[in-house]
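Here's a quick briefing on one structure, covering salt bridges, surface and pocket. Have a look at the model first, then work through the points below.

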Amino acid sequence: MLMGNDTMMAHAEQIANLAGQAALGYFRNLLEVELKDDESPVTQADRGVELQVRAYLKSHFPQDGILGEEFGQSDLSRDHVWSIDPIDGTRSFLSGHPLFGFLLARLHKGTPNIGVIGMPALNETVIGERGGDATLNGEKISVSSQTALDHAILFVNEGEKIFMRYPEVFSRLMSAGQTRRFGYDCYPHALVAMGHVDAVVDDDLQPYDYLPLVPIIEAAGGIITDWNGCALTLASGTSGVVTAATAELHADLLNVVGS
């Protein structure tokens with residue numbers, strides 16, 4: 001089945017709305033928490049949201065593969081694969097913090113072509129299409145024009161992990177940028193696409209964490225790669241990520257995170 005880009009983007013928006021409504025049905029309610037093998041938490045909310053998204057995809061795109069955080073992968077050799085992170089920021093979700101997100105990507109032969117960042121508690125949906133536009137609730141958005149790292153607003157995501165694993169990198173990051181903020185999860189990357197934040201350095205991300213970011217950042221005019229400057233695809237594996245509004249900022253931050 002062949003679908004136009006407008007139709008595919010409409011499906012992406014509809015899935016984000018579905019996932020957002022499902023997540024808000026659980027938000028700030030009493031939930032049972034389990035720990036995965038990596039000690040990250042998971043709840044019935046994570047599983048419930050992903051099951052609803054999977055049901056939609058199986059109904060509308062039965063020929064596509066799926067990679068989901070909670071229920072694994074199927075048919076990843078297909079030309080088209082959907083990546084799902086039902087609740088990006090389960091710890092935020094559990095603590096009643098509204099900056100949890102929903103992440104979705106559609107890949108063509110391993111490369112993400114459509115990306116969605118849904119922020120249910122903020123009523124914000126950011127969608128990006130490779131070769132097209134990035135939008136926030138239907139309105140076009142774009143990155144900032146900042147090229148000087150010394151004047152940049154920089155978010156450092158997963159700061160404690162970077163500190164523990166790469167103390168020299170962490171030390172350099174603490175001297176980078178004019179304004180530094182610590183953050184988690186997908187929203188700082190969305191803020192780059194909106195033009196409010198100039199760059200984000202992130203670490204220890206899985207494909208379902210970063211694949212949705214790629215079409216959004218690129219459609220908004222920015223750059224996103226791993227810490228080595230390589231493109232992020234389904235084959236990238238666990239990765240550190242550098243997101244930047246401009247090529248100049250990106251190059252400077254690759255130098256900061258480089259060994």
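Glu158 is buried, at 13% relative accessible area (buried means under 20%, exposed over 50%, partly exposed in between, with a 1.4 Å probe and protein chains only). Keep in mind that this is a predicted model, where local features need pLDDT of at least 70 and side-chain atom pairs count only at pLDDT 80 or more, while totals for chains, interfaces and linings use all residues. Residues are numbered from 1 along each chain as its sequence is written, and side-chain values use heavy atoms, with hydrogens and water left out.

**The salt-bridge network**

- Glu158 pairs up with Lys161 in a salt bridge at 4.0 Å, N to O (the term means a side-chain nitrogen of Lys or Arg within 4 Å of a carboxyl oxygen of Asp or Glu).
- Asp203 and Arg165 form another salt bridge, with their closest N and O atoms 3.6 Å apart.
- Asp203 sits in strand S13 (residues 199–205) and Arg165 in helix H4 (residues 159–165), so this pair ties together parts that are 38 residues apart in sequence. Helices (H or I, at least four residues) and strands (E, at least two) are DSSP runs, numbered from the N terminus.
- The Asp203 end is buried, at 4% relative accessibility, whereas Arg165 is partly exposed, at 44%.
- Put together, Glu158, Lys161, Arg165, Asp203 and Asp204 are linked in a network of salt bridges.

**Strand S1 and its surroundings**

- The whole structure has ten salt bridges, and one of them joins the side chains of Glu34 and Arg47 at 3.3 Å, N to O.
- That pair links distant parts of the chain: Glu34 is in strand S1 and Arg47 in helix H2 (residues 44–60), 13 residues apart.
- Both partners are partly exposed, Glu34 with a relative accessible area of 42% and Arg47 with 29%.
- Val33 is also in strand S1 (residues 33–35), and it is partly exposed at 43% relative accessible area.
- Val33, Leu35 and Leu94 make a nonpolar surface patch of about 270 Å². Patches take residues with over 30% relative accessible area and no salt bridge, joining like charges within 9 Å and nonpolar side chains (Val, Leu, Ile, Met, Phe, Trp, Tyr) within 5 Å; the areas come from the Shrake-Rupley method with a 1.4 Å probe, and for residues only the protein chains shown count as cover.

- A pocket is an open set of points on a 1 Å grid over the protein atoms alone, where a 1.4 Å probe fits, with protein on both sides within 12 Å along at least five of seven lines; grid points are joined across faces, edges and corners, and the volume is the space filled by probe spheres set on the points.
- Its lining counts 19 residues, with Glu13, Ala16, Asn17, Thr125 and Asn137 nearest the centre (lining residues have an atom within 4 Å of a point).
- Helix H1 (5–26), strand S7 (111–119) and strand S8 (124–129) each supply at least two lining residues, and H1 gives the most, with eight.
- By class, the lining has eight nonpolar, nine polar and two charged residues (Ala, Val, Leu, Ile, Met, Phe, Trp, Tyr, Cys and Pro count as nonpolar, Asp, Glu, Lys and Arg as charged, and the others, Gly among them, as polar).
- Leu18 is in helix H1 too, and it is partly exposed at 24% relative accessible area.
- Leu18 and Gln52 are 34 residues apart in sequence but 7.7 Å apart in space, C-alpha to C-alpha.
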